[in-house]
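My notes follow the order in which I checked them.

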Amino acid sequence: MFRPFLLSFGALKGIFMRKTLFSKHFVMVSAIILLSITILGVVLLAFSSQYFKQDRYRLLEHNARQAATLTYADFKNNDFQAVSARLVLPVYRILADAIEADIYLSNIQGEILLYAEGTEESPLSQNVAAEIITAACKEGGYREIGRMANLYKSAHYTVGIPLMDDKNAPAAVVFASAPASILNVFLIEILKMFIIGSLAVLILAFAAVYFLTADLVRPLRKMLAATHSFSKGDFSVRVPVESYDEIGQLAIAFNNMASSLATTETVRRSFTANVSHELRTPMTTIGGFIDGILDGTIPDEKRDHYLHIVSDEVKRLSRLVRSMLNISRIEAGELEIKPDLFDVNDTVIRTVFTFEQPLESKKIDVRGMDGGRVMIEADPDLIHQVIYNLIENAVKFTNEGGYIQISYDETESSTSISIKNSGDGITHDEIHHVFDRFYKTDKSRSRDKGGAGLGLHIVRSIINLHNGDIAVHSVEGEYCEFVFTLPKLQSKKKTLAERSLPGARENKK
């Protein structure tokens, strides 16, 4: 019968022993509730005790004054000579029974003349201490919580009302005393009610805190389970969004992060696979031809031919490794640009001349290089690499007898360079992937045997380093155009203006 309870208790004990967020939050909130209830109980008992004392004093004083009024009337009827016990004492007894207190009359000498018992504790003597009588007569009344100078065994609430004679001199004092232990009984009853109410509140509060804390921690536990899946390479797990508060926003951010990690992992695997493929192909070719030369399979007269092929494959590997290193440096932020002012048209002309042989063999017409100077502010070496990759790409895919068009567009804030070539172009589906690493279109795979699919990715990375933009436009079967835009720097404009002024150099000196 107790087995389920013991299992639940064991589970809760395990949770709290592990110092989890749930246990910390539950213990903290529970401690705050317990502390709040404890403070509330102490304050309640303190105020209750003070209220009880004041109420007890008021009650004793009220009945003591009634007894004093009756006693004074009888004392006056007897010409202030005596008090009739037959008439006064019955009233004392009624008042004493009503408030459960002792009511007694003492003369100035402290002798108790009349005594009506309303409690179970009788006085130890028949005399009231002289200092108490003196204080009551002098102050016009008396209050204390004590033993009345050893008149009682235990502490009592006592109120004293003095009586005056016909000469307005103190003649006697009426006292009303009730045991102070009744306060303990009152406070115990208050405490019992408080404890019962507090237990009910604590049970409800602990239950509410438990379920609210569990509800608060549940998404975090799901995130923790998801991170364990991520550590094993499974990025498909998602955390359900159950609200739009801070936890819900955290879950949304977590899911976005998971999607980003999944994309990154896909790119990483694709990158690894592509690198392996791009490295394996030339290495297989190199290894095969060298083995053929060494074992005599390839005849001597064809060795030079195959050695040229091996040399080309080695250069291809070198370009691939160099491109991958450039990409790594760019992505790691290690590649710093060194901007300078130079003529980009001159860079384009010199780059085109390096492709003179393939241009002539394919009878490609190069247009737009007869313009004037086009000054830009950028890293000359990096921009040369951009132009080289774009022109190389254009030369590869321009059709026989086609053209390559170079054009420039300058504004106050930027300079745009366009490299356009005729040919098959790029399809609409493929145009969004041309800047991805190792991406090759199906058409280009058969025609671009020497490329690794990294050139355009490097181009975009370099342009981004210059805070520029690059775009591609294509009409399938007609042309393909790459346009990159570089911003102008005001400081460079000022420098250019100073250099162009006649005598500026002499003035500067």
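Entry 1, a helix pair. I find that α8 passes α10 in a right-handed crossing; a crossing is right-handed if the near helix is turned clockwise from the far one by less than a right angle, and left-handed if anticlockwise. The model is predicted, so I noted its limits: local features need pLDDT of at least 70, side-chain atom pairs count only at pLDDT 80 or more, and totals for chains, interfaces and linings use all residues. Residues are numbered from 1 along each chain as its sequence is written, and side-chain values use heavy atoms, with hydrogens and water left out.

I read an angle of about 45° between α8 (residues 344-353) and α10 (residues 380-397), with the axes 10 Å apart. That makes α8 oblique to α10. Angles under 35 degrees count as roughly parallel, over 145 as roughly antiparallel, 65 to 115 as roughly perpendicular and the rest as oblique. The axes are lines fitted to C-alpha atoms, for helices over the stretch in contact, and angles run from 0 to 180 degrees between N-to-C directions.

From α8, I list Val344, Thr347, Val348, Thr351 and Val352, which meet Ile383, His384, Ile387, Tyr388 and Ile391 of α10. Contact means heavy atoms within 4.5 Å. By class, the contact of α8 with α10 has seven nonpolar, three polar and no charged residues.

I looked up α2 (residues 21-77) and α5 (residues 181-231), whose axes come within 9 Å and cross at roughly 160°. The two are therefore roughly antiparallel. Here too I note a right-handed crossing, of α2 past α5. I find 28 nonpolar, seven polar and three charged residues in the contact of α2 with α5.

I located Gly401 in the loop between α10 and β9 (403-410). Gly401 is exposed, at a relative accessible area of 55% (exposed means over 50%, buried under 20%, partly exposed in between, with a 1.4 Å probe and protein chains only). Its C-alpha atom is 5.1 Å from that of Ile364, 37 residues apart along the chain. Leaving aside neighbours within four places in sequence, I find Gly401 in contact with Lys362 and Lys363.

Is Thr427 buried or exposed? Thr427 is buried, with a relative accessible area of 18%. I place Thr427 in the loop between β10 (414-422) and α11 (442-445).

Conventions:
Helix = DSSP H or I, 4+ residues; strand = E, 2+ residues; numbered from the N terminus. Nonpolar A, V, L, I, M, F, W, Y, C, P; charged D, E, K, R; others polar.
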